[in-house]
There are 2 protein chains.
Amino acid sequence: MKGAKLSDVAKAAGVSSGTASNVFNRPEIVSPEVRSRVEAAARRLGYNGPDPKGRLLRAGKVNAIGVVTSDDTADAFRDPYTRLVMRGIAKECDARGAGLALVSTKQSESAWRIQTALVDGFIVSCYKVDDAVVALAQERKLPFVALDLDAGPGTSSVLIEDRRGAALAARHLLELGHRRIGILALPTKGDCHSPTGLGRVQASAFRFIRDRLAGYGEALAEHGLTLEQAPILELHGDAEHDAPVIGEFLAAHPDLTALLAMADILALAALDAAHARGLRVPEDLSLVGFDDVAEAAESDPPLTTIAQPAFEKGETAARMIFDQGPPRTELLPVKLVVRETTAAPRK
Amino acid sequence: MKGAKLSDVAKAAGVSSGTASNVFNRPEIVSPEVRSRVEAAARRLGYNGPDPKGRLLRAGKVNAIGVVTSDDTADAFRDPYTRLVMRGIAKECDARGAGLALVSTKQSESAWRIQTALVDGFIVSCYKVDDAVVALAQERKLPFVALDLDAGPGTSSVLIEDRRGAALAARHLLELGHRRIGILALPTKGDCHSPTGLGRVQASAFRFIRDRLAGYGEALAEHGLTLEQAPILELHGDAEHDAPVIGEFLAAHPDLTALLAMADILALAALDAAHARGLRVPEDLSLVGFDDVAEAAESDPPLTTIAQPAFEKGETAARMIFDQGPPRTELLPVKLVVRETTAAPRK
DNA sequence: GGAGGAATTTGAATCGGTTCATTGAATCGG
DNA sequence: CCGATTCAATGAACCGATTCAAATTCCTCC
């Protein structure tokens, strides 16, 4: 009771399956008379061209690349940073005529999803993704690129100057005269968010978090300070959830004059929290983000932040998948963008 | 020189291919002794489990649904409305453990892409997508759901009360006392944007545009006005591009006291344009959007708009694909959300 | 009329697994 | 000790196409 297949059409038209296949794939090499006979048969049987499933097996190429993101696929459409990366990937896929498949890593069945995803290559975007997932993806032996995470020798990755960027951010505050600076960290593990401690962040599962923290530390050291002196708070990365927590943090540390955020979403949440507490930014509290997402330029006041080329990151990663060169690591530059959330500390 | 396949592993382990298959798919039914022998062989040959390509053909299910969006895949990560819909779809896919594939309709090869996409079903999101594409997708004979567009009898679709929503928007302005109202329209065709005329919009390729226009007209009629009296402007839907055009439009029609926008992005662009021209909103110009995207609540001032359940729209569409019921049409409700971009007209 | 060559067509092999009806062996109850 | 079950393993059929060497047909031209 299923639909007709190519061989049915061939039989109905009285030709071999090879010829029928040609009618659909290289119509120019089959005689007009035969072609129209086959086409008529196809129409009669309600056959609309070869099933991609069959072709795939033979051809071996899916013509799509898979992006494994956080455990919640919807994040790819919500988180500003991820969206920027995705746009870069999407642009390159469009250019190559390839599809884009999102594969989630929902705990329950991440293994299965990754093992069975129909893709020609994987881009693993680190944020919230852990090593087990990466290993799984690598086992597929498909072209593989890691974002923001060096996945061991022999695999390609695209990184940014996390440490330098963080140092830039901290140095900016220090040069303005700040000495009591707090740090807002992204989730250090898949889960996250318990009574934060410096050690926990330093031991984060994510390289970029460790690097950014180290960058902060580096700049602090230049001014005779240490990370131990900087109160640190680990957050979810979800504005609604985070703002109140930051509020409490500010209440607990009234001496802070500035906050270093490991991501713009955290800085923007901090901006809300500060306003909610009646603090003026930057007069009472300076804020530096990281990423330079679109929203950073449009907040009130606009956010001072470290710009990273997220869009290009996506593009580069996709290109590495398509171009299939030997494994290499690409390091993208960052820069400080001074807007209006930073100023000299209050007296 | 290619990787080992299941039958190689089976041979190496001295078992039948069927047994080898079971080791990977239903390990519990194969004896421990044989299982470990097969696993050892697999490891020795560097075999990491069955290739999904092979499985697919047999199983027939890809376990992913395809979303055909505009010609630019990156739009799915940029446009606020589309993102909301995508999030709804993504959520449902996650819940069902299915993948999500974006298939673009880039002019050059849209046909090929749609015909060969490896998916179990299609959701076609109308905005900027034309009929040819829809027809192509339907030919695949896969579960199919159209968004914002009734694709003929026998196909499922999810719609919203476009006409009623538009009428609500217009009525709101009229009741505030506005009489000189301009209309901002979305692209009426794949291309768009020429010297706009009412007729062109009324003949739009997209049902939801025609309906929204009709809704405006309906409300105008209640107050003794007609669409002919309302200046109309067709836009791209790209803030940067649109704002200046709206500026010129406002300059050309200085008597307008309000603007009805068919989408929030247009209204937000209008907000920028108004500010750029030194017009105060809502004192000098009232604005009503459509969609109620996240940004609408956060603009300055917050946008009065027609809320539509875009997230649920995505969810519903995905659910229809998965649940495979008979074709049906779901109509989702809209409502007026009054914020701060509307007020009585200036005297 | 027939050789030579071009244009078509054929059909079997292949892609990499999964499934299921059978078969063979081991276990169990009486 | 025998027949009835249960448990494992087998291997051929199948999923739906593409490919390519070989066979056939059709022309052209001497």
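**Entry 1: strand pairing**

How many bridges join strand 2 of chain A to strand 2 of chain B, and do they run parallel or antiparallel? I counted three bridges between strand 2 (residues 99-103) of chain A and strand 2 of chain B, and the two run antiparallel. I took strands to pair if DSSP finds at least two bridges between them. A:A101 stands opposite B:A101 in strand 2 of chain B. My elements are DSSP runs numbered from the N terminus: helices are H or I with at least four residues, strands are E with at least two.

**Entry 2: ground rules**

I am working on a predicted model, where local features need pLDDT of at least 70, side-chain atom pairs count only at pLDDT 80 or more, and totals for chains, interfaces and linings use all residues. Residues are numbered from 1 along each chain as its sequence is written, while chains are lettered from A and ligands numbered from 1 in the order in which they are written.

**Entry 3: symmetry**

I laid chain B on chain A, with an RMSD of 0.2 Å, by a turn of 180 degrees and a shift of 0.1 Å along the axis. That is the relation of a two-fold axis. The superposition was by least squares on the C-alpha atoms of residues with pLDDT of at least 70 in both copies. I then asked which residue of chain B comes closest to the rotation axis. B:A101 does, at 2.1 Å (C-alpha).

**Entry 4: the interface**

I found 40 residues of chain B in contact with 39 residues of chain A. Contact here puts the C-beta atoms, placed from the backbone, within 7 Å. On the side of chain B that touches chain A, helix 4, helix 5 (75-78), helix 6 (80-96), strand 2 and helix 7 (110-116) each supply at least two residues. Helix 6 of chain B gives the largest share, seven residues. By class, I listed 16 nonpolar, eleven polar and 13 charged residues on that side. Nonpolar covers Ala, Val, Leu, Ile, Met, Phe, Trp, Tyr, Cys and Pro; charged covers Asp, Glu, Lys and Arg; the others, Gly among them, are polar. Of the interface residues of chain B, 95% are also interface residues in chain A, so the copies meet through the same surface.

**Entry 5: DNA strand D**

I looked up what surrounds DNA strand D and got 27 residues. Near means a C-beta atom, placed from the backbone, within 6 Å. The closest are A:K5, A:D51, A:G54, B:G18 and B:V34. Helix 4 of chain A provides the largest share of this surface, six residues. I noted ten nonpolar, ten polar and seven charged residues there.

Conventions:
Two residues are in contact if their C-beta atoms, placed from the backbone, lie within 7 Å.
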